[in-house]
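Subject: Structure for your attention

Dear colleague,

Please find below the structure that I am handing over to you. I would be grateful if you read the notes that follow it with the structure open beside them.

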Amino acid sequence: MTAPAERIMLEISGTEALWLLEGAGTGRLVHLRREQAMVRPACHTLDHGRLIVRAPVQPLTVLSRTALTYHCEDVQHPAGVGWTVTAHGPAAPITDPDEAAHYRRTLLGWAHGPHDTLLRLTPQSITGFRLVRPRNATTEGPR
């Protein structure tokens, strides 16, 4: 006999996932290096459907990949409720000096110099989940 789950994950629509992603501001950039997952703190903004990411990674490390993954969440502990969103797609460096200067002013970074990378990620897939507690019949009251 198993105890009922104290928390459940509910899949959300892509529109809601984008809305949550847009309001978050920080997350993690995930990429493979020598077949090992590397996770780096990052900040982001959505601009015309593309995710602009500033992360402390070596540009050649992430740009040699065909696609990157970006993840953000807002989970309140210890309750374990909140949400999680993951976006995956191809990324390219931001090379225009004026555009790069704009994003360096508006997105705070963790490192400066050669490891301070600005990327434009085009999400091809976005998944999201709400993390909730199941409704308890004894606390719901009459319907």
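Two residues are said to touch, or to be in contact, when they have heavy atoms within 4.5 Å of each other. This is a predicted model, in which local features need pLDDT of at least 70, side-chain atom pairs count only at pLDDT 80 or more, and totals for chains, interfaces and linings use all residues. Residues are numbered from 1 along each chain as its sequence is written, and side-chain values use heavy atoms, with hydrogens and water left out.

The protein as a whole

The protein has 4 helices and 9 strands. Helices (H or I, at least four residues) and strands (E, at least two) are DSSP runs, numbered from the N terminus. Along the sequence they follow the pattern β-α-β-β-β-α-β-β-β-α-β-β-α. Taken along the principal axes, the box filled by the C-alpha atoms is roughly 60 × 30 × 25 Å.

Of the 143 residues, 31% count as buried. Here buried means under 20% relative accessible area, exposed means over 50%, and partly exposed lies in between (1.4 Å probe, protein chains only). The accessible surface of the protein comes to about 9,100 Å², and 54% of it belongs to carbon and sulfur atoms; such areas come from the Shrake-Rupley method with a 1.4 Å probe, and for residues only the protein chains shown count as cover. Among contacts between residues at least 6 apart in sequence, 69% join residues at least 24 apart.

Helix α1

Which residues of helix α1 are buried? In this helix, which spans residues 14-24, they are Ala17, Leu20 and Leu21. Seen down the axis of α1, these buried residues fall within an arc of 100°, so they line one face of the helix. The arc is that of the directions from the helix axis to the C-beta atoms. An α-helix has 3.6 residues a turn, so residues three or four places apart point the same way.

The buried residues of α1 pack against β3 (36-47), β4 (50-56), β5 (68-76), β6 (81-89) and β9 (125-132). On the face turned away from the buried side are the exposed residues Thr15, Trp19, Glu22 and Gly23. Glu22 has a relative accessible area of 53%. Its C-alpha atom is separated by 18 Å from that of Ala91, a residue 69 places away along the chain. After α1 comes Gly25, whose phi is positive, near 90°.

His44 has its place in strand β3 and counts as buried, at 4% relative accessibility. Its side chain is joined to that of Tyr70 by a polar contact of 2.7 Å. A polar contact is a pair of N or O atoms within 3.5 Å; within protein, one must be able to donate a hydrogen and the other to accept it, and residues adjacent in sequence count only if both atoms are side-chain atoms. Leaving aside neighbours within four places in sequence, the residues in contact with His44 include Leu21, Ala24 and Gly25, of which Leu21 is one of the buried residues of α1.

Thr84 is found in strand β6, and at 13% relative accessibility this residue counts as buried. A polar contact of 3.2 Å joins the side chains of Thr84 and His71. Not counting residues up to four places away in sequence, Thr84 touches His71, Cys72, Glu73, Thr127, Gly128 and Phe129.

Gly128 lies in strand β9 and is buried, with a relative accessible area of 1%. With residues up to four places away again left out, Gly128 touches Leu10, Glu11, Ile12, Ala17, Thr84 and Val85. Gly128 and Gly89 are 39 residues apart in sequence and 15 Å apart in space, C-alpha to C-alpha.

Two points about the backbone

Most residues other than glycine have a negative phi, and most peptide bonds are trans. Where in the protein is a cis peptide bond? Such a bond joins His77 and Pro78, with omega about 5°, and Pro78 is found in the loop between β5 and β6. His48, although not a glycine, has a positive phi of about 55°. His48 lies in the loop between β3 and β4 and is exposed, with a relative accessible area of 76%.

Yours sincerely
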